[in-house]
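Hi everyone, thanks for coming. I'll walk you through one model today, so please have the structure open while I talk.

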Amino acid sequence: MEHLKDWEILKDQLINKDENEVLSQFFNFAFHHNLSIALWRHPHHTEKHLILDLSGAINYVKADLEELDDGFILSPFSDEGEGRNIFIHNHLYYNTEKKALKTSPYLNSEDNNHLKLEKLLANLGATFNQPNGKKTAFHTLKNSPVSVDGKSHYLGMVQKAIEAIKAGKFNKVVPARQQKVTLKAGFDLIETFEKSCQLYPNALVSVVSVPGIGTWLGATPEELISFDRSKIFRTVALAGTQKINDESDLMEVAWRQKEIEEQAMVSRYIINCFKKIRLREFEEKGPRTARAGELAHLKTDFLVDTVATNFPQLATVMLKLLHPTSAVCGMPKEPARQFLLDNENFDRSFFSGFLGPVNMFEETHLFVNIRCMQLFATEAILYAGAGVTAISDVEKEWEETNLKQQTMLKVLS
Ligand SMILES: C=C(O[C@@H]1C=C(C(=O)O)C=C[C@H]1O)C(=O)O
């Protein structure tokens with residue numbers, strides 16, 4: 001195949017280049033050719049994965065994991081009609097440690113796209129021949145959302161939530177808010193991604209950029225579901241927040257009743273989902289304290305052997321039941337979601353949705369999209385929510401959203 005030859009040349013060009021420059025060139029290429037691109041680094045790992053979708057289309061899919069090819073999924077908080085999930089195909093894969101490039105079998109097929117793809121690959125080769133020097137380009141929406149409510153609106157909403165809980169409408173709700181930040185003059189997407197990787201080793205750090213949809217960057221500590229090569233399913237109950245510093249000993253962190261109950265609700269929610277599908281054999285570990293940058297959370301791990309339980313579609317089934325979890329929406333789910341729709345005054349879009357690699361090297365790792373921001377040409381919108389229960393204090397919940405937004409403010413500074 002002709003293009004494989006091009007590909008080998010490209011590989012030679014990449015091998016001696018600076019890592020950030022290579023990543024930046026991939027984004028510039030995606031921007032100029034209107035292609036979707038995703039870059040991510042797993043928690044506790046150093047290698048970075050990048051995929052490029054050469055189809056030039058926005059692919060909307062259902063989150064049926066068994067049906068999907070290998071790629072990266074980006075899903076909104078609210079998926080009313082289902083099928084609003086965006087899928088980035090793994091047509092082209094780059095790994096920073098192996099310096100390896102892999103093309104999908106799709107590229108070798110003789111279909112109509114073949115010539116277009118060959119041309120794109122040749123162009124990509126040319127991109128790497130040019131000196132970079134410029135900032136990284138990325139897809140943006142023209143207008144950033146206009147309404148960003150301030151503190152008084154948030155405090156009012158939390159107060160209203162507490163009253164609704166006391167009136168028995170629901171047990172917990174997670175009101176969120178936006179914060180608009182002007183990007184500093186020298187802002188660079190790849191440098192910001194790198195800084196996030198360094199600051200947040202326990203997080204899934206990712207950047208996703210899709211034409212007509214925009215660009216999201218985040219460092220999330222919250223795994224929604226994972227399904228690995230040994231067919232083990234995992235999920236976590238993560239909630240309760242307090243500030244810690246770099247030297248804090250996690251064993252020494254003490255929790256108040258409010259956080260203990262709040263997190264127990266998330267655990268109960270997961271166990272109820274298992275009950276609904278009559279799954280009795282699951283392992284539960286925790287809760288214990290987990291670090292997310294300068295924040296501590298309470299975390300319980302759940303694990304299921306899908307071979308032993310004979311439940312190969314567990315990940316897809318649980319994904320539908322779990323999302324949006326009571327960690328980012330509330331409990332029970334429906335009245336909490338309705339409260340958020342009625343009171344938040346903004347579209348959460350992909351905030352508190354989920355994202356991550358699907359069927360990549362036979363593994364799927366989906367995370368809740370928190371500690372993230374939506375990037376525009378000159379500004380970013382940061383998002384954060386806080387879990388409200390009957391014994392919440394309005395000022396403390398506001399402060400908690402500030403602490404969570406610090407995660408991204410720190411990488412922008
Ligand atoms: C909603 C967010 O985080 C979630 C809510 C938490 C809480 O209420 O204590 C803690 C961790 C996350 O599950 C966020 O970061 O915006």
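This is a predicted model: local features need pLDDT of at least 70, side-chain atom pairs count only at pLDDT 80 or more; totals for chains, interfaces and linings use all residues.

Residues are numbered from 1 along each chain as its sequence is written, and side-chain values use heavy atoms, with hydrogens and water left out.

Back to the pair. Helix α2 covers residues 19-32, and α2 packs against α5 at an angle of about 125 degrees, with the axes 9 Å apart. In general, that's how two packed helices are described: by the angle between their axes and the distance between the axes. The axes here are lines fitted to C-alpha atoms, for helices over the stretch in contact, and the angles run from 0 to 180 degrees between N-to-C directions. The element names come from DSSP runs, numbered from the N terminus: helices are H or I with at least four residues, strands are E with at least two.

Who touches whom? From α2 we have Glu-19, Asn-20, Leu-23, Ser-24 and Phe-27, and from α5 we have Leu-189, Ile-190 and Glu-194; contact means heavy atoms within 4.5 Å. Those contact residues split into 4 nonpolar, 2 polar and 2 charged. For the classes, Ala, Val, Leu, Ile, Met, Phe, Trp, Tyr, Cys and Pro count as nonpolar, Asp, Glu, Lys and Arg as charged, and the others, Gly among them, as polar.

Now stay on α5, which spans residues 189-199, and look at α9: their axes come within 9 Å and cross at roughly 125 degrees. That makes α5 oblique to α9, and the crossing is right-handed. Here Thr-192, Lys-195, Ser-196 and Leu-199 of α5 meet Met-408, Lys-410, Val-411 and Leu-412 of α9. The residues in this contact come out as 4 nonpolar, 2 polar and 2 charged.

One more pair: α6 (residues 257-276) and α7 (residues 314-322). Their axes sit 10 Å apart and the packing angle is about 130 degrees, so α6 and α7 are oblique to each other. Their crossing is right-handed. On the α6 side we find Tyr-269, Ile-270, Cys-273, Phe-274 and Lys-276, and they meet Met-318, Leu-321 and Leu-322 of α7.

Next, the loops. Just as background, most residues other than glycine have a negative phi, and most peptide bonds are trans. Now look at His-323 to Pro-324: that peptide bond is cis, with omega near -10 degrees. Pro-324 is in the loop between α7 and β16. Another cis bond joins Met-331 and Pro-332, with omega about -10 degrees, and Pro-332 lies in the loop between β16 and α8. Then there's Ser-352, which isn't a glycine but has a positive phi of about 65 degrees. You'll find Ser-352 in the loop between α8 and β17.

On a 1 Å grid over the protein atoms alone, a cavity is a set of points where a 1.4 Å probe fits but cannot get out, and a pocket is an open set with protein on both sides within 12 Å along at least five of seven lines; lining residues have an atom within 4 Å of a point. The largest pocket holds about 750 Å³ of space. Its lining has 34 residues, and His-42, Pro-43, His-45, Glu-223 and His-365 lie nearest the centre. β14 gives the largest share of that lining, 4 residues. By class, the pocket lining has 13 nonpolar, 9 polar and 12 charged residues.

As for the largest cavity, about 210 Å³ of space lies in there. For volumes, grid points are joined across faces, edges and corners, and we take the space filled by probe spheres set on the points. The largest cavity is lined by 24 residues, and β13 gives the largest share, 4 residues.

How values were computed. Angles under 35 degrees count as roughly parallel, over 145 as roughly antiparallel, 65 to 115 as roughly perpendicular and the rest as oblique. A crossing is left-handed if the near helix is turned anticlockwise from the far one by less than a right angle, and right-handed if clockwise.
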